[in-house]
Amino acid sequence: MPASTRSVHPPNDVPAYASSRLRAPKQPLRVLPGRLGELTAPLLAGETIGVLDHDLTRQHDGEPLGERITISGRVLDENANPLAGALIEVWQANAAGRYAHLSDRHRAPLDPNFSGAGRCLTDAAGGYRFVTIRPGAYPWRNHPNAWRPAHVHFSVFSPAFAQRLITQMYFPGDPLLVQDPVFNSVPDHAARRRLVASWSLELTEPEWSLGYAWDIVVAGREATPLDDDASE
Amino acid sequence: MTLPLTPSQTVGPFFRIGLATTIGAHVAGEGSPGAVRISGQVLDGAGEPVPDALVETWQAEGAGRCGTDDQGHFAIVTTKPARNGAPDAPHLDVSVFARGLLTRLVTRIYFPDEDEANDADPVLQSLSSAERSTLVAVRDEGGLRFDIHLQGARETVFFDR
């Protein structure tokens with residue numbers, strides 16, 4: 001039976017995450033009868049995605065500084081059906097832990113050869129692949145001496161509203177995970193660990209780059225939270 | 001076989017780096033037949049504008065996406081969706097993402113010129129009139145206005161994701 005949506009996704013009201021205080025709704029979420037939302041029109045023609053949009057190391061004249069990595073995996077629904085043609089968008093800090101964004105005031109250098117954004121469409125088997133550099137950790141003001149663990153933001157956009165997901169991928173063995181309120185907002189330990197990629201020998205290219213494997217599982221096309229409750 | 005889901009995480013403050021261009025705010029062309037401009041403001045529990053929210057609309061005709069500006073404003077140009085025989089009144093499905101939100105907020109935008117269909121809509125019928133008013137856009141000079149109150153006396157009704 002489907003894992004309960006409520007136990008997998010974090011609640012919005014998480015006191016340890018300071019930014020949630022004025023933004024998390026106070027009223028309980030309502031349950032929609034029937035399926036969650038509609039199917040939308042097919043997203044995009046493949047030609048709107050550039051052939052190098054998946055490679056964040058080749059968007060400028062020079063190469064970005066940092067540890068070159070490949071991140072690859074499959075996007076599936078909870079019934080193990082691959083999501084073909086889903087739009088995957090990623091964004092991240094550079095190797096020094098700085099985003100190429102005007103509002104990022106972290107006193108770490110920008111990298112003129114790194115914008116930190118990539119995108120691709122999944123293939124027929126739901127597969128995706130990005131080439132990038134490993135992002136740095138960075139401080140933030142959530143609590144005294146708070147640091148975000150290294151992470152890559154992932155957005156999954158398929159035609160099914162129920163499947164819409166924005167999340168973050170983390171790296172194995174990162175000691176900063178234990179103090180991060182965003183990572184730890186996921187109540188279930190096993191669910192939290194699914195946000196951590198695995199180092200992969202197969203994806204590691206000899207004399208070139210390290211590889212990380214990370215699969216993403218989204219709800220079924222017609223998922224409804226009611227199903228979960230009824231089956232428990 | 002059932003696979004366990006990947007949990008949601010916040011979109012964070014810097015999503016414009018990655019979500020800037022692929023999907024835009026025009027589901028329909030400005031001024032095209034049936035086009036309607038839906039604009040609004042995203043406000044937090046102190047009534048302050050949320051300058052780093054992302055609003056997405058979904059309907060059979062296409063998806064729209066707009067990040068809020070310094071004053072929390074967003075605008076999406078689309079058409080009123082066809083009903084396709086559904087019991088629900090015409091509406092847009094909406095996702096709201098922001099720094100401070102660990103998982104998306106789901107809501108609906110209904111249309112103010114659909115009184116009869118809105119009265120018969122099973123979702124709107126399940127709400128009090130005050131709650132219902134948070135989901136129905138209002139007319140303004142540029143088209144329709146739909147403000148999103150994350151908290152407070154006028155908190156928008158949100159649905160389980």
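**View 1. Strands E9 and E10 of chain A pair in the antiparallel sense.** Strand E9 (residues 198–199) and E10(A) share 2 bridges. Pairing requires that DSSP find at least two bridges between two strands. Helices (H or I, at least four residues) and strands (E, at least two) are DSSP runs, numbered from the N terminus. Ser198(A) stands opposite Ala213(A) in E10(A). This is a predicted model: local features need pLDDT of at least 70, side-chain atom pairs count only at pLDDT 80 or more, and totals for chains, interfaces and linings use all residues. Residues are numbered from 1 along each chain as its sequence is written, while chains are lettered from A and ligands numbered from 1 in the order in which they are written.

**View 2. Strand E10 of chain A also pairs with strand E1 of chain A.** Here the sense is parallel, over 4 bridges. E1 spans residues 68–77, and E10 spans residues 210–213. Ala213(A) faces Ser72(A) in this pairing.

**View 3. Glu207(A) has a positive phi.** Its phi is near 60°. Glu207(A) sits in the loop between E9 and E10 of chain A. Glu207(A) is exposed because 4 other C-beta atoms lie within 10 Å. The cut-offs are 20 or more such atoms for buried, 12 or fewer for exposed, and partly exposed in between, with C-beta atoms placed from the backbone.

**View 4. Ala80(A) has a positive phi.** The value is near 70°. Ala80(A) lies in the loop between E1 and strand E2 (87–92) of chain A. With 12 C-beta neighbours inside 10 Å, Ala80(A) counts as exposed.
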